[in-house]
Amino acid sequence: MQSDDKPTNGQPINGQHNPNFLDLLNQTPPPPDAKHRPRPQRLAGLRTAWRESWKEGGFLYQRWEELFQARHAGWHEIAVWIKTAGLLAGLSLIVMMVDAAGDIASATLKGLSNVPATGTGDGSGLWGTVDHPIRMFLADQAAHLAVAPAALYAFWQLAGLLGLIGGFFGNAGARIAWTLWGLASLAMIWSAAPAGGRAAATGLAALMWALASAFALRGLTLRPIVHNHPPQFMPQFNPELHLHATLPAPAPAGDDFDDNVHPLQR
């Protein structure tokens, strides 16, 4: 049965002092040895202090109770040491993830940059018909920029891949990037494709982009979502007719007799 009291280190528990682990270690006498063999006092005291700390009201027992109750408690009800440990662990995890992501991105860009921008040659095949004009367009534009054609092509590939993966998981920013990436690709193909097959190459690229968008834009709909929530209670209307009539006050008995007598009979 869990105690409702929440003592802290060194605070009184029901009027009694709650020693911590170090106090128990320093105050506990060494247990007697049945065989009268000498044992280190510090080791024996450590074992005794460990057992005492796990008893109800002990230091380690209270820390375990706080850790167990943290699963169902709010942020303001969690012990301070748990918050501190969680924040330190979260910051360490973020630092490691950022460092790993930087290394992965650097290796990916380096690997993609090793592929020449015009490696498809004559651009044969369905994919070559779409990819070759983009390579040629980026190579022509890189001649006027302080960047290598392979770097531009690697960035174009990485942007499309991230937009496709992020859009599949429902990220709004990734879906916007995927849409802009597809429109930019169509523009580059239309600009760099041969004049005789420009329309066919652009149309083929649009079809490929539409098929890939079925995954990148999964679940996206243009139909407005209407949420019909039934009211919590239905107001009751009870029509009632209220008539307010004013009744005259009854006259005294003598006045009634005089009023009922005909004037000629008086």
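This is a predicted model: local features need pLDDT of at least 70, side-chain atom pairs count only at pLDDT 80 or more; totals for chains, interfaces and linings use all residues.

Colleague: OK, in what order do the elements of the protein chain run from the N terminus on?

Modeller: They go β-β-α-α-α-α-α-α-α-α-α. That makes nine helices and two strands.

Colleague: And what percentage of the residues count as buried?

Modeller: 23% of the 266 residues in the protein chain. Buried means under 20% relative accessible area, exposed over 50%, and partly exposed in between (1.4 Å probe, protein chains only). The accessible surface of the chain is about 20300 Å², and 65% of that belongs to carbon and sulfur atoms. Those areas come from the Shrake-Rupley method with a 1.4 Å probe; for residues, only the protein chains shown count as cover.

Colleague: Let's go inside. How many residues does the largest nonpolar core have?

Modeller: The largest nonpolar core has 15 residues, and Ile134, Leu138, Trp156, Trp178, Met188, Ile189 and Ala205 have the most contacts inside it. A core here is a set of buried Ala, Val, Leu, Ile, Met, Phe, Trp, Tyr and Cys residues joined through side-chain atoms within 4.5 Å.

Colleague: Which helices each supply at least two residues of this core?

Modeller: α5 (125–142), α6 (149–168), α7 (172–192) and α8 (198–216). Of the contributors, α7 gives the most, with five residues.

Colleague: Take Ile134, what does that one touch?

Modeller: Setting aside residues up to four places away in sequence, Ile134 touches Trp156, Ser185, Met188 and Ile189. Contact means heavy atoms within 4.5 Å.

Colleague: Now α6. How far does α6 reach from its first C-alpha to its last?

Modeller: 29 Å over 20 residues, close to the 28 Å expected at 1.5 Å a residue. The expected span is 1.5 Å times one less than the number of residues. Buried residues of α6 are Ala150, Tyr153, Ala154, Trp156, Gly160, Gly163, Gly166 and Gly167. Just after this helix, Gly170 takes a positive phi of about 85 degrees.

Colleague: What is Gly160 in contact with, leaving aside its neighbours within four places in sequence?

Modeller: Trp178 and Trp181. The C-alpha atoms of Gly160 and Trp178 are 6.3 Å apart, though the two residues are 18 apart along the chain. Gly160 counts as buried because its relative accessibility is 5%.

Colleague: Switching topic: how many salt bridges turn up in a search of the whole structure?

Modeller: Three. The criterion is a side-chain nitrogen of Lys or Arg within 4 Å of a carboxyl oxygen of Asp or Glu. Arg135 and Asp131 meet at 2.4 Å, N to O. They are four residues apart in helix α5, so about one helical turn separates them.

Colleague: Are Arg135 and Asp131 buried or exposed?

Modeller: Arg135 is buried because its relative accessibility is 7%, and Asp131 is buried too, with a relative accessible area of 1%.

Colleague: And the other pairs?

Modeller: Glu66 pairs with Arg63, with the closest N and O atoms 3.1 Å apart. Both sit in helix α3, three residues apart, about one turn of the helix, and both are buried. Glu52 bridges to Lys55 at 3.2 Å between the closest N and O atoms. Glu52 is partly exposed at 31% relative accessible area, and Lys55 is partly exposed at 44%.

Colleague: Last one, the surface. Which residues make the nonpolar patch of about 650 Å²?

Modeller: Trp50, Trp54, Trp64, Leu67, Phe68 and Trp81. Patches are made of residues with over 30% relative accessible area and no salt bridge, with like charges joined within 9 Å and nonpolar side chains (Val, Leu, Ile, Met, Phe, Trp, Tyr) within 5 Å. Helix α3 (residues 59–69) gives the most to the patch, with three residues.

Colleague: Why does Phe68 count as partly exposed?

Modeller: Because its relative accessibility is 35%. Phe68 is found in helix α3.

Note on methods
Residues are numbered from 1 along each chain as its sequence is written. Side-chain values use heavy atoms; hydrogens and water are left out.
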